[in-house]
Structure formats: structure tokens, C-alpha cells
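This report describes the strand arrangement and the surface of a single protein. The sequence and the model are shown first.

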Amino acid sequence: MNKISLAVLAVVATVLGAAAPAAADTPEASIVIDHRASELYLFEPPGGAPGEAYPATSVNAAALHCPAGDYLMSASLVQDGLPTLWAVWGHGAGEVRCDGGTVMIPMAFSRREPLLHPGRATARFSLRDASTGEELMESTRTVRIPT
């Protein structure tokens, strides 16, 4: 009886051991944020006074090994301890569809007071499942807005 139990245990250990490397080969989903933001440019906010524009910058990020599905992106930029607003016009901003590979998830930011300026800022990006709200991945990085 002990020989049969040991034989079954050996087979189970072999199967589990063989499956472990395959699972380890599956790359983990992650977000990579570029260390350099775009140069400042003028952004006219929707609903603002005609000709009213504020400095804005874009931060590029990529979701790597993003599982197929629909996600909601959250992105923020903080400079001098103060938040910024998204500098976007279109509907659907922040909606991301992944196909299992890499998807670019850039976002532009602007702030009226005090104005964004060249220097350091902290960017944070995350993706959440559009149906459940569960966070899939997130990343934070110090970025540099060039002069």
C-alpha cells in the first residue's frame, strides 16, 4: 500500500513540477511609463473662453502583456505636490481595449494655477477591468518635463 501511495505521490509531483515552468513562462502584465514627458504645449480646454490656453504635457505609457479585454485607465500627474487635469477633448478618453499584447496608453495633462512648468513630476497609470472594477496593473514613475 505504501509503495502505491509513494508511486502516486511521485507522479503528482512530476506533473506539478512539469507544469510550474510553463506557468512561470507566462509574462506578467505591467505598465511602463517613459521617463521623459513631452515638451510643454498650449491646450485650450473644452468649454473654456475662446483663445484661453494653458501649458500641457503628454506622458507616454505602455501596458505590456495586457490580457484581452476592455479596461478603464486611470492616469494622474502631480507636480509641486499639486494635481493636474486631463488635457483631452474626446469621449472615450481612458477606455482601453487589449488584445493580449502591448497597447500604448498615453495621456496629456494641464493645469491652470499654478501653471505646469519644466521640471520633475510624478506620473501614475493604472488599468481596471471595465466590468468588475478590479485593478489589473498600475505603475508610478518620476518623469521630467523638458525645457
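Predicted model: local features only at pLDDT ≥ 70, side-chain atom pairs only at ≥ 80, totals over all residues.

## Strand pairing and surface

Ile31 faces Ala63 of strand E4 across the pairing. Residues are numbered from 1 along each chain as its sequence is written, and side-chain values use heavy atoms, without hydrogens and water.

E1 and E4 (residues 61-64) are joined by four bridges in the antiparallel sense. Two strands count as paired if DSSP finds at least two bridges between them. Both belong to an open sheet of three strands, ordered E1-E4-E9 with antiparallel pairing. Because E1 and E9 each have a single partner strand, one side of each lacks a neighbour in the sheet.

A further open sheet has four strands in the order E2-E3-E10-E7, again antiparallel. Its edge strands, E2 and E7, each pair on one side only. E7 is linked to E10 (residues 107-110) by two bridges, and Trp86 stands opposite Phe109 in E10.

| E1 | 30-33 |
| E9 | 103-104 |

Overall, the protein has one helix and 12 strands, taken as DSSP runs (helices H or I, at least four residues; strands E, at least two). Of its 147 residues, 30% are buried, meaning under 20% relative accessible area with a 1.4 Å probe, protein chains only. The accessible surface (Shrake-Rupley method, 1.4 Å probe) is about 9,200 Å², with 58% belonging to carbon and sulfur atoms.

Definitions and conventions: Buried < 20%, exposed > 50% of the residue type's maximum accessible area, 1.4 Å probe, protein only.
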